[in-house]
There are 2 protein chains.
Amino acid sequence: MTTPNTARPHADSKPSVPIADLQRFISRVLTAVGMPGEDAATVGGIMAQADARGADAHGVFRLPAYVKRIRAGGINLHPDMRLVEERAATALLDGDNAMGHLVMKRAADLAIGKARRAGIGWVGTRHSNHAGPAGLYARMPLEHGMIGIYMAVGSANHMPPWGGIDMLLSTNPIAIAVPAANRPPIVLDMATTTAAYGKVKALAQRGQAMPEGWMVGRDGKPLLDPKRSDEGFLLPIGGPKGYGLALMFGILAGALNGAAFGRDVVDFNKDYKSVTNTGQAVAAIDVTAFMPMAQFEACIDDIWTQMKSSELLPGVEEIRLPGEQSAITYEDRVANGVPLHPELIAALDALALDVGVHALL
Amino acid sequence: MTTPNTARPHADSKPSVPIADLQRFISRVLTAVGMPGEDAATVGGIMAQADARGADAHGVFRLPAYVKRIRAGGINLHPDMRLVEERAATALLDGDNAMGHLVMKRAADLAIGKARRAGIGWVGTRHSNHAGPAGLYARMPLEHGMIGIYMAVGSANHMPPWGGIDMLLSTNPIAIAVPAANRPPIVLDMATTTAAYGKVKALAQRGQAMPEGWMVGRDGKPLLDPKRSDEGFLLPIGGPKGYGLALMFGILAGALNGAAFGRDVVDFNKDYKSVTNTGQAVAAIDVTAFMPMAQFEACIDDIWTQMKSSELLPGVEEIRLPGEQSAITYEDRVANGVPLHPELIAALDALALDVGVHALL
């Protein structure tokens with residue numbers, strides 16, 4: 001006898017995995033396919049954080065694809081990252097085709113160090129790779145009393161310029177993270193398209209239709225069947241405005257760094273071998289270069305309170321702040337582990353068997 | 001006999017005013033109400049540039065309201081601007097309630113100087129005022145071989161947090177400007193709301209309805225009559241995403257600088273006397289801190305070409321890049337002057353008479 005999903009929306013039946021176990025599993029899989037142990041531990045830690053924060057499409061879910069890319073030779077496991085350019089507040093980091101997580105961790109650390117001295121640090125990357133959720137890197141400056149900003153060229157083009165049908169742009173995301181005192185940090189983490197491509201694929205798996213406004217076909221008409229997503233493209237938020245944002249974030253994170261943009265972007269879901277030359281940018285702003293930390297954090301707490309106390313539209317239960325849901329998820333998953341879909345567990349079991357390591361559970 | 005607007009959309013009958021005449025007129029009006037000559041010339045130059053670039057709602061159109069504010073004591077004509085905080089790549093500038101144009105010109109100059117040495121310069125402002133179009137300040141770094149970024153807390157709240165009805169947020173705009181070689185710079189200049197409030201007021205003047213998606217009433221239902229705009233509020237682009245962008249740009253441009261945000265924002269259309277404590281932020285990024293200028297500019301030209309050469313959706317004539325229309329308008333207005341509506345001319349004539357200076361025409 002099966003329990004229909006609709007009757008048990010909270011999926012109590014999903015096994016939950018402690019975050020530390022998830023990190024160790026990811027690390028041993030990556031070590032097994034040749035990644036040096038210290039790097040594998042770092043990537044495992046960051047990927048497990050993605051799951052802990054609720055970015056389920058950017059954590060351990062990606063591990064099979066990463067392994068496929070590593071085995072195809074599409075990732076450099078012994079990279080020699082180097083600073084191509086450097087000034088007091090900026091740097092350009094060449095990731096030498098390392099895992100994106102390693103490149104971005106290094107870039108964020110650099111930006112934080114520069115911000116401590118110069119007030120702001122801005123580090124661009126080239127020859128990087130997919131690095132998981134934007135929000136993670138914007139969050140890194142938080143524990144140093146800094147604001148974080150992250151932009152990236154997405155790892156596959158799914159959007160044309162406004163009015164066109166050639167897919168020259170990706171979902172180029174932005175994340176901005178701001179520390180608070182007694183509230184969770186405010187963390188915006190968004191694609192410049194109405195929906196991320198992962199959400200389309202999730203609906204396709206479930207056999208559900210997309211809402212109007214997510215995608216259109218090459219005829220400009222709404223595309224509602226997610227299984228036909230190859231025939232259409234994602235729409236930007238706010239029409240030409242979202243197109244403009246995707247273009248600009250792509251220039252700042254890609255073109256400025258000598259990374260791929262436009263026709264040069266490699267679709268990482270279709271090509272596992274080519275160097276993607278992914279570009280990202282991360283900035284850290286030291287709050288104390290503007291005002292005392294306690295004053296700023298109190299101000300952000302007050303903004304929380306103001307927004308939460310707004311009168312509500314009919315039918316709305318609560319105002320949310322960006323990052324609020326992620327904070328609730330984090331607290332739950334730190335206490336209770338990360339719930340994983342049985343299909344994902346099966347895929348990870350197969351992966352463990354394949355690379356010859358202990359399974360996750 | 002009158003010619004209906006619909007038959008003559010290009011309004012050949014509008015008088016056109018050379019940009020230099022516009023600048024001189026603005027300067028002499030501001031001088032007449034007590035602004036020191038050099039400051040009046042600077043503000044006149046910036047405001048005339050707004051008109052030249054096609055930002056018609058942000059140029060000379062605003063002069064009567066600025067004069068009203070100056071006369072009400074809402075602007076400090078003899079400001080003592082000072083740097084509250086400064087590091088190698090950042091500064092916080094207190095504008096001492098000067099005209100926003102003067103504060104932002106100073107802030108942009110500072111950011112450019114810092115970027116030349118440190119790679120990036122980020123300058124925040126407090127006790128500033130409405131400064132006209134965002135794009136003008138993002139453009140200032142261009143002629144120094146730099147990328148410009150500008151954000152501001154808008155000068156009146158027209159948007160609630162997503163799901164709410166208390167208007168705690170403004171249209172908080174962002175502008176990003178990137179230099180090209182043989183093409184115009186790419187310049188994004190956008191409000192985080194679907195429509196700027198000025199567009200609503202323009203439709204009200206013409207007695208036309210708003211499209212769905214611009215505003216909703218306090219019941220959450222579409223508000224289409226622009227004359228009833230006081231009963232509703234603007235919608236963010238992309239729903240919660242635009243709310244998140246408005247919130248974050250407001251924090252970066254306002255809260256971080258100790259400027260007004262949320263309930264503290266003074267509605268500059270209703271209150272001409274109170275210190276607005278407007279906050280803005282401008283950043284300059286020196287392209288040569290990342291790659292040789294010629295290489296970057298060629299890359300931006302190539303991006304132009306890629307976007308323009310995309311196949312088109314049915315019914316679309318041409319792909320546009322952000323800033324393209326403004327460049328076309330600018331070229332035309334430099335050659336032929338700025339066309340002004342007869343109603344605006346009449347208002348400016350009345351203003352000239354009122355302050356005792358020669359009329360514009």
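Predicted model: local features only at pLDDT ≥ 70, side-chain atom pairs only at ≥ 80, totals over all residues.
View 1. The contact draws on 82 residues from chain A and 82 residues from chain B, and between them the two chains bury about 6500 Å², of which 72% lies on carbon and sulfur atoms. On the side of chain A, the residues that lose the most area to chain B are A:Arg87, A:Lys241 and A:Phe290, which together account for 12% of what that side buries.

**View 2. The relation between the two copies.** Chain A is superposed on chain B by a rotation of 180° with 0.0 Å of shift along its axis, at an RMSD of 0.0 Å; that is the relation of a two-fold axis. Because 100% of the interface residues of chain A are also interface residues in chain B, the copies meet through the same surface.

**View 3. Polar and charged pairs across the interface of chain A and chain B.** Four salt bridges are found across this interface, one of them between A:Glu311 and B:Arg218, whose closest N and O atoms are 3.8 Å apart. Across the interface there are also 31 residue pairs in polar contact, both residues of each pair being at pLDDT 80 or more. Helix H7 of chain A, residues 240-253, provides the largest share of the side of chain A that touches chain B, namely nine residues. By residue class, that side of chain A divides into 52 nonpolar, 18 polar and twelve charged residues.

**View 4. The salt bridge between A:Glu86 and A:Lys114.** Over all chains the count of salt bridges comes to 24, and in the pair shown here, A:Glu86 with A:Lys114, the closest N and O atoms are 2.8 Å apart. The pair links distant parts of the chain, since A:Glu86 belongs to strand E2 (residues 82-86) of chain A and A:Lys114 to helix H4 (residues 100-118) of chain A, 28 residues apart.

**View 5. The salt bridge between A:Glu231 and A:Arg228.** The side chains of A:Glu231 and A:Arg228 meet at 3.0 Å, taken from N to O. A:Glu231 is partly exposed, with a relative accessible area of 41%, and A:Arg228 is likewise partly exposed, with a relative accessible area of 40%.

**View 6. A salt-bridge network that includes A:Lys308 and A:Glu318.** A:Glu318 and A:Lys308 meet through their side chains in a salt bridge of 3.0 Å, N to O. A:Glu318 sits in the loop between helix H8 (293-308) and helix H9 (324-336) of chain A, while A:Lys308 is in helix H8 of chain A, so that the pair, ten residues apart, links distant parts of the chain. At 39% relative accessibility A:Glu318 counts as partly exposed, and A:Lys308, with a relative accessible area of 22%, is also partly exposed. Which residues are joined into one network by salt bridges that share partners? They are A:Lys308, A:Glu318, A:Arg320 and A:Glu324.

**View 7. The surroundings of A:Asp267.** A:Asp267 is located in the loop between H7 and strand E10 (278-286) of chain A, and its side chain reaches the backbone nitrogen of A:Asn269 at 2.9 Å. When neighbours within four places in sequence are left aside, A:Asp267 is in contact with A:Ser155 and A:Ala156.

**View 8. The surroundings of B:Thr171.** In chain B, the loop between strand E5 (146-152) and strand E6 (174-178) holds B:Thr171, a residue that is buried, with a relative accessible area of 15%. Not counting residues up to four places away in sequence, B:Thr171 touches B:Ala191, B:Thr192, B:Thr193 and B:Leu234.

**View 9. B:Cys299 in helix H8 of chain B.** B:Cys299 lies in helix H8 (residues 293-308) of chain B and is partly exposed, with a relative accessible area of 24%. The C-alpha atoms of B:Cys299 and B:Ala181 are separated by 8.7 Å, although the two residues are 118 residues apart along the chain.

Notes:
Residues numbered from 1 in each chain as written. Chains lettered and ligands numbered in written order. Heavy atoms only, no water. Contact = heavy atoms within 4.5 Å. Buried area = accessible area lost by both parts, 1.4 Å probe. Polar contact = N/O pair within 3.5 Å; in protein donor to acceptor, adjacent residues only side chain to side chain. Helix = DSSP H or I, 4+ residues; strand = E, 2+ residues; numbered from the N terminus. Nonpolar A, V, L, I, M, F, W, Y, C, P; charged D, E, K, R; others polar. Least-squares fit on C-alpha atoms with pLDDT ≥ 70 in both. Buried < 20%, exposed > 50% of the residue type's maximum accessible area, 1.4 Å probe, protein only.
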